[in-house]
Amino acid sequence: MRALRAFGAAHVDFLVPNRFEYGYGLSPEIVALAAEGRPDLLVTVDNGIASLAGVAAARQRGMDVIVTDHHLPGDELPAATVIVNPNQRDCAFPSKHLAGVGVVFYLLLALRRQLRDDGWFTARGVAEPRLADFLDLVALGTVADVVPLDRNNRILVQGGLARIRAGRASPGVAALLAVAGRDPRRVVASDLGFAVGPRLNAAGRLDDMTIGIECLLSDDPGAAHGLAARLDQFNRDRRLIEQDMQTDALALLAAREDDLVEPPLALALYEPGWHQGVIGILASRIKDRVHRPVIAFADAEADGAMLKGSARSIPGVHIRDVLANLDNRHPGLIDRFGGHAMAAGLSLPRQHLDAFAAALVEEVARQAQDVELQAVLESDGELAPAELALELASSLRNAGPWGQHFPEPLFDGRFVVKSQRIVGERHLKLVLAPAGAPERAVDAIAFNIDPEAWPDPSVVTLAIAYRLDVNAWRGEERVQLIVEHLTPVP
């Protein structure tokens, strides 16, 4: 929208389906809603490649349709005017891991070239826009969508980060970083993924995604900050809801004959009152804890007759294929489903939940015969005590962007606990010293620990897996270990 307006397009608007009313993607119902504005052209972003009925409905209403998507196409393509998707058959574009925002960015690059060749900008006295000005949005969308950071995506993300660090971010991105307490001069890819992205997503999970989009579209820093503050509050509310739901889920597991110790091959969890906008996060959290495919369900309607589920899986278990096979073996059990290898969504009648849970375990068992059901952390090795230094930490920080399929180095080692305390309700702040080098104390923090288990004054030595980071506080930079896993050792 920012680029099209900069090109001189006078009538550009957006429509994002409310997930609770319409679900996802371009459906005939969404087309009917869009038709109220009488558009000549409908452009999908990050969806549409599977929207056969929605595209057909739009064409029947006289709209041209450009589908821009990066998801894998099915056997049948929608009858769009144009399809732009690097993963469609016979597409020679070399970078197949673009996020939806990346696909649109390249489309806009091509459009600008065509308008330039046609003399569009000169004839209308419009200055030719610099698309690099929008790279902060490209970087944000690429990181938040967790696509593999191949060479091309790393270039796009690095370009966006450079603009943010130089103080040239859009007002919305700058405001979201500010409410998250992130210094834009030091921003890295993880800040986009763990600070900005969740605040935008919280609006769609709890209220209306339009608020997040309006924040990113705003050219007024004051208005953008006000919208960012609302998004920050949504995110705080989402965290509280998520914590309550996690407590419920863990209680369900604890009541199931030691499911927390040796869980079944797959879990289907449901509790009346769970928020359907947060079940995806809940499924992810429990999946990380038990290292099994997890589907969390919430009531889709007030009467509880239909459930909406969100699934998260582990490497080696393609959860969409599991659901497809289950649907073939048990016709009518699932109402509808969709997704990909690691995440999926579905709906089913409440009365089918128990049968579905049993069938899920059976289907995962068929697919997971050679799958590692114990979570594995791959370490780059142990650092010498002298390497726990600001110079190496800064070098690693600046060597990014790190992300999906291009992970930041992870180290491991044994450390003596000098001190430990809880900060921010669920984070464990530590001072550690390498075993054998007690004089080289270093700060460390472990996020989202179990506050009932920590701090533990009986723990003297820890085996940890950690990332080496730089903590900037009041103008001073210090080394800090970001603890990904910790285990007490004798």
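Select residues 380-485: this stretch is 8% helix and 46% strand, with its end C-alpha atoms 14 Å apart. Helices (H or I, at least four residues) and strands (E, at least two) are DSSP runs, numbered from the N terminus. UniProt, in an unreviewed entry, places the feature "domain: RecJ OB" at residues 380-485; its positions are given in the numbering used here, feature names are shortened, and annotations may be inferred rather than shown by experiment.

The model is predicted: local features need pLDDT of at least 70, side-chain atom pairs count only at pLDDT 80 or more, and totals for chains, interfaces and linings use all residues. Residues are numbered from 1 along each chain as its sequence is written, and side-chain values use heavy atoms, with hydrogens and water left out.

Next, pick arginine 467 and glutamate 408, whose side chains meet in a salt bridge (3.2 Å, N to O). A salt bridge here is a side-chain nitrogen of Lys or Arg within 4 Å of a carboxyl oxygen of Asp or Glu. The pair links distant parts of the chain, 59 residues apart: arginine 467 is in strand E12 (residues 461-473), and glutamate 408 is in the loop between helix H16 (390-398) and strand E9 (411-423). Arginine 467 is partly exposed, at 22% relative accessible area (buried is under 20%, exposed over 50%, partly exposed in between, with a 1.4 Å probe and protein chains only).

Go to helix H12 (residues 221-254), where glutamate 242 and arginine 238 lie 4 residues apart, about one turn of the helix. Their side chains form a salt bridge (2.5 Å, N to O), and both residues are buried.

Now select residues 268-364, listed by UniProt as "domain: DHHA1" in an unreviewed entry. This part is 36% helix and 28% strand, and its end C-alpha atoms are 12 Å apart. Inside this range, find lysine 287 in helix H13 (residues 279-290). Is lysine 287 buried or exposed? Lysine 287 is buried, with a relative accessible area of 16%. Leaving aside neighbours within four places in sequence, lysine 287 is in contact (heavy atoms within 4.5 Å) with Arg292, Val294, Arg312, Ser313 and Ile314.

Finish at helix H3 (residues 28-35), whose buried residues are Ile30, Val31, Ala34 and Ala35. Seen down the axis of H3, these residues fall within an arc of 145 degrees, so they line one face of the helix; the arc is that of the directions from the helix axis to the C-beta atoms.
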